[in-house]
Amino acid sequence: MDDSLDVVVLAAGKGTRMRSRRPKVLHPLAGLPLLEHVLRAAFSLCPRRVVVVVGHGADEVREAFSARGVRFVDQGEPRGTGHAVLSAQAEVSAQRFLVLPGDVPLVPPEALRALLRCHRERRATVSLLTASPPDPGPYGRVVRTEDGRPVRVVEAADASPAELSVGEVNSGIWCLENVPDLWRALAALSTANAKGELYLTDLVAHFAPAGRAAALRWPCPDDLRARTRSSSPGPTSWAGPRSGGSARSARGRSSGPTLPSSPRSTSGRARWWAATARECRTTLAGTPCSARSSKHVWRSGRRRSESAAGRVAMSRISASCSG
């Protein structure tokens, strides 16, 4: 059985909310561009190739990552996520491929591996990684049947009040099977929506009736959040605790990672970025911090050993994989 893997990274966005002329994926986090964090997660999976879809600021992105061993595809006129993936068709050769947003720097490789396992076990054509943040905000809602099977993803701009009440959202991270049916479905996507774009999310409704769509809910929403602003000293989150207040009180109030208070000095802010990156890597269900700097993790205000929390995490991840 062919188990080869490619990775497609979507890095064509303008990043309007960043309030900067610099391409969004080149903004720094903990001393590295956002895209570099995503590429490190991608390369940790040993893919056959990594394809970066560029658009706004394409020349700058190409120059910054010319020695990184990736292939670049120019999306041209941006017409949505579905169009971005379709533009990479000629470069995808593996049996399946992951689609990663270029602005999600904290996604742990463990989450990507879990999505790949879910995709294989369900024999799906399309699988997506989801989360349930405290405030879903403008993210696409994942609609499931009573028995947990995903049936469609509705973008917030197109959602009804009932659909907006759904707490599970699309992270923008996908696993897709490289088969003719997939590319035909992408080519047939419609722009009949509020934004007039080709939504990658419409693939779920296309393949769900045949049981070929799967969705895996990751227990820590902050691992999957996008960095969307440069005006604030620290990263935005789904709806986690803002800076300020003690770490202990924040842990007691929130089920998400605690963000350290953001200092105003340049050197202090650099340390803040590094600390925030480590903290946000710690998942709600107990996956240890990427820096391995602590023997324990926090969940619901209580400390649990990594081994015990790890068992809970894997059982919940397995239970949330529905197709």
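Q: In which strand does Arg 49 lie, and what makes a run of residues a strand?
A: Arg 49 belongs to strand E4 (residues 49-54). Strands are DSSP runs of E with at least two residues, whereas helices are runs of H or I with at least four, and both are numbered from the N terminus. This is a predicted model, in which local features need pLDDT of at least 70 and side-chain atom pairs count only at pLDDT 80 or more, while totals for chains, interfaces and linings use all residues. Residues are numbered from 1 along each chain as its sequence is written, and side-chain values use heavy atoms, with hydrogens and water left out. The chain holds 10 helices and 13 strands.

Q: How do you know that Arg 49 and Glu 91 form a polar contact?
A: A polar side-chain atom of Arg 49 lies 2.8 Å from the backbone oxygen of Glu 91. A polar contact is a pair of N or O atoms within 3.5 Å; within protein, one must be able to donate a hydrogen and the other to accept it, and residues adjacent in sequence count only if both atoms are side-chain atoms. The separation of 2.8 Å therefore falls within the limit of 3.5 Å.

Q: Which residues does Arg 49 contact, and what makes two residues a contact?
A: Contact means heavy atoms within 4.5 Å. With neighbours within four places in sequence left aside, Arg 49 is in contact with Leu 5, Asp 6, Val 7, Arg 71, Glu 91 and Ser 93.

Q: Why is Thr 201 called buried?
A: Buried means under 20% relative accessible area, exposed means over 50%, and partly exposed lies in between (1.4 Å probe, protein chains only). The relative accessibility of Thr 201 is 4%, so Thr 201 counts as buried. Thr 201 is found in the loop between H6 and helix H7 (202-207). Its side chain makes a polar contact of 3.2 Å with that of Glu 155.

Q: Why does Val 104 count as buried?
A: Val 104 has a relative accessible area of 2%, and the limit for buried is under 20%, so the term applies. Val 104 sits in the loop between E6 and H4. Beyond residues up to four places away in sequence, Val 104 touches Val 38, Asp 223, Leu 224, Arg 225 and Ala 226.

Q: Why is the pair of Phe 97 and Trp 183 called stacked?
A: Rings of Phe, Tyr and Trp (its six-membered ring) pair if their centres lie within 6.5 Å; planes under 30 degrees apart count as stacked, over 60 as edge-to-face and the rest as tilted. By this rule there is one aromatic pair. The ring centres of Phe 97 and Trp 183 are 5.7 Å apart and their planes stand at 5°, so the pair is stacked. Because Phe 97 lies in strand E6 (residues 96-101) and Trp 183 in helix H6 (residues 180-187), the pair ties together parts that are 86 residues apart in sequence. Phe 97 and Trp 183 are both buried.

Q: What makes E6 largely enclosed?
A: Six of the six residues of E6 are buried, so the rest of the structure largely encloses this strand. Arg 96, Leu 98 and Leu 100 cover one side, and Phe 97, Val 99 and Pro 101 the other.

Q: How do you know that E6 pairs with E1 and with E10?
A: Two strands pair if DSSP finds at least two bridges between them. Strand E1 (residues 5-11) is joined to E6 by six bridges and the two run parallel, while E6 and strand E10 (residues 169-177) are antiparallel over four bridges. Both counts therefore meet the requirement of at least two. In these pairings, Leu 10 stands opposite Pro 101, and Val 99 stands opposite Trp 174.

Q: What makes a set of residues a nonpolar core, and which members of the largest one touch the most others?
A: A nonpolar core is a set of buried Ala, Val, Leu, Ile, Met, Phe, Trp, Tyr and Cys residues joined through side-chain atoms within 4.5 Å. The largest has 41 residues, of which Val 52 and Leu 98 touch the most other members. Helix H4 (residues 109-122) supplies the largest share of this core, six residues. Apart from this core lies another, of 30 residues, among them Leu 10, Val 92, Leu 198 and Val 204.
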